[in-house]
Amino acid sequence: MTTRRVAIWQNGAARTVGPDEPVVTAFDQGLGRGDGAFESVLVAGGRTPHLDAHLARLHRSARLMELTDPEDDAVRALVAAAVADWPADVEGVCRVFLTRGLGEGTPPTLLALLAAVPAETLRQRDEGVSVVSLSLGIPADFRATAPWLLGGAKTLSYAVNMAAQRHAHAAGADDVVFTSLEGRLLEGPTSTVVWAAGGRLHTPPVETGILAGTTQARLFARAQADDWPTAVTPGTVEDLRAADAVWLLSGIRGAATVTRLDGVERGDAGLSQRVRELLAR
Ligand code: PLP
C-alpha cells in the first residue's frame, strides 16, 4: 500500500499512526509559528540512500535554531517505521519534521510523513523547468553576520518560498532562482543552483545564507572523482544566461535542467545526461 504514511516519535519510541489521526496539538509552535526544521528524504527502491546527509543537516538546523536535537537513532527509527513495506517500485518523499513542540522546556515534536513523489515533480525531473529570477532583497553578505535570519537552516517557515513559486506559476514558469539585493545568485525556493561553464560545475557560496544542498554536495564529490572540476562561484543571472547548462538540484526532483530563464529558452549542451549518471552512481 502506498498512499500516505505517518510515524511519530513519542516516549522514546517510533510508532506509525493512521494518516488521518491527530499527531500534534493545535498549540504546537511548529504550526503557530513555523518554529521548527524539516528534511525531505528520497525513498527509492524502498530505501533511503541519502539519509545520512539529511540527518547531518537536520542537526545543523536544530543547532542554529536552538531546538532540542534528536538522537540519530531516533530519526533513523522514525524514518524506518514510516518507510517499512513501502513498495520498491514507487519513489517516495519522506518528510521529517522537528518542531519546538509546546515551547521552551517541553519535548520537541518529531514526526515523519511519507507519500509518493508527485507526478509533476517527476515530469520536471525528466523534462526540465522554466525559471524566473526573483530578488530576495537581502545583501549577499548579510545573513553570514545575522544569525537571527537563520541562514543555512532548513526551517519550517517556507511561506515566502511557496509564494515565490506561486508568483513563478502565475508568470507561466515552473520555478524560481532567488537573487540577492545586488543581483548575486542565491538558490531556488526548494533547490540549489548549479551551472556548467568553462569546463567546470559552479554553485553559489553558502556564506550567502543559502542552504547547503545535499544533492549538490553529492554531485560535486562525484564530478571531482570523475575529473569534472567544480567551483564555488558568486555568480549572477548573467552567468546563468551565458552558461553551457543550468540545473536546479534537490533530493527529490534530482537535477532539473533549466530550459528557460526569464522567458529566454536555453539548452544544456548535452551535459544533463552526465549529471544524472553521476547522481545515480
Ligand atoms: N535550497 C533550499 C531552500 C531547499 O529547500 C532545498 C531542498 O531541500 C535545497 C536547497 C536542496 O537541498 P537538497 O539537495 O538537500 O534536497
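Which residues of H3 are buried? In this predicted model, the buried residues of H3 are Ala 74, Val 75, Leu 78, Val 79, Ala 82 and Val 83. They lie on the same side of H3, because the arc they cover around the axis is only 155°. The helix itself runs over residues 72-83, 12 residues in total, and spans 16 Å from first to last C-alpha, close to the 16 Å expected at 1.5 Å a residue. The cover over the buried residues of H3 includes strands E1 (5-10), E2 (13-17), E3 (36-43), E4 (92-99) and E5 (109-116), as well as helix H2 (51-65). Just after H3, Asp 85 has a positive phi of about 65°.

The structure has three aromatic pairs. In one of them, the ring centres of Phe 38 and Phe 97 are 6.2 Å apart and the planes meet at 20°, so the pair counts as stacked. Phe 38 belongs to strand E3 and Phe 97 to strand E4, so this pair ties together parts 59 residues apart in sequence. Both Phe 38 and Phe 97 are buried.

Another aromatic pair, Phe 142 with Trp 148, is edge-to-face, with 6.4 Å centre to centre and 80° between the planes. Phe 142 counts as partly exposed because its relative accessibility is 36%. Trp 148, at 60%, counts as exposed. Phe 38 and Phe 97, in turn, form one aromatic cluster together with Tyr 158.

Technical notes. Residues numbered from 1 in each chain as written. Predicted model: local features only at pLDDT ≥ 70, side-chain atom pairs only at ≥ 80, totals over all residues. Heavy atoms only, no water. Helix = DSSP H or I, 4+ residues; strand = E, 2+ residues; numbered from the N terminus. Expected span 1.5 Å × (residues − 1). Buried < 20%, exposed > 50% of the residue type's maximum accessible area, 1.4 Å probe, protein only. Arc of directions from axis to C-beta. Contact = heavy atoms within 4.5 Å. Phe/Tyr/Trp six-rings, centres within 6.5 Å; stacked < 30°, edge-to-face > 60°.
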